[in-house]
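Hi,

Here is the model I promised to pass on.

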Amino acid sequence: VQLQASGGGLVQAGGSLRLSCAASGRAFSRYVMGWFRQAPGKEREFVAAINWSGGVSYYSDYANSVKGRFTVSRDNAKNTVYLQMNSLKVEDTAVYYCALDTRYRGSVVRRSAVSYDYWGQGTLVTVSS
């Protein structure tokens, strides 16, 4: 499995970015896809994740720090997950990673990074004041 994240960049506070993560090498639709981030000197933290419940039903979860500003979505036909980030804050500055959880079979998502077994290379998001 390979995950390729893209879409990072430099943006002013209050602006928006959309991150993409394309997956290849494995059936994508049945697995949870997550986004994590790591700021300099800090541990990697959960941002958002999405599970597909079948049909047009999805389950998504967000860290409190991004709830209401970020939206995670997926296009199973394109094997791609997105993270739309609005109202960005300086504290959102970090390297953002997408990750795939192939072992979970439930209907929600897991927030722990150790639950995810495949990771993308990361894309840097810098929010300036």
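How many salt bridges does the structure hold? Six, where a salt bridge is a side-chain nitrogen of Lys or Arg within 4 Å of a carboxyl oxygen of Asp or Glu. Before I go through some of them, a word on the ground rules. This is a predicted model, so local features need pLDDT of at least 70 and side-chain atom pairs count only at pLDDT 80 or more, while totals for chains, interfaces and linings use all residues. Residues are numbered from 1 along each chain as its sequence is written, and side-chain values use heavy atoms, with hydrogens and water left out.

Salt bridges

Take R111 and D61: their side chains meet in a salt bridge, at 2.7 Å from N to O. R111 sits in the loop between β9 and β10 (118-119) and D61 in strand β6 (residues 57-62), so this pair ties together parts that are 50 residues apart in sequence. (Strands here are DSSP runs of E, at least two residues, numbered from the N terminus.) R111 is partly exposed, at 39% relative accessible area, whereas D61 counts as buried at 15%. The cut-offs: buried is under 20% relative accessible area, exposed is over 50%, and partly exposed is in between, with a 1.4 Å probe and protein chains only.

Next, D92 and R69, whose closest N and O atoms are 2.7 Å apart. D92 is in the loop between β8 and β9 and R69 in the loop between β6 and β7, so the pair ties together parts 23 residues apart in sequence. Both D92 and R69 are buried. They also belong to a network of salt bridges that links R37, E45, R69 and D92.

Then there is D117 with R103, the closest N and O atoms being 3.8 Å apart. D117 and R103 both lie in the loop between β9 and β10, 14 residues apart. D117 is partly exposed, with a relative accessible area of 27%, and R103 is exposed at 51%.

The disulfide

Counting cysteine sulfur atoms within 2.5 Å as a disulfide, you get one. It joins C21 to C98, S to S 2.1 Å. C21 is in strand β3 and C98 in strand β9, 77 residues apart. The torsion about the S-S bond is about 60 degrees, so the disulfide is right-handed. As for burial, C21 has a relative accessible area of 0%, and C98 has 0% too.

Sheets

Strands of a sheet pair through backbone hydrogen bonds, either parallel or antiparallel. For counting, two strands pair if DSSP finds at least two bridges between them.

Four bridges join it to β2 (residues 9-12), running parallel, with S128 as the bridge partner of Q12. Three bridges join β11 to β9 (residues 94-101), this time antiparallel, and A94 stands opposite V125. T123, V125 and V127 make up the covered face of β11, and L124, T126 and S128 the uncovered one.

Over to you!
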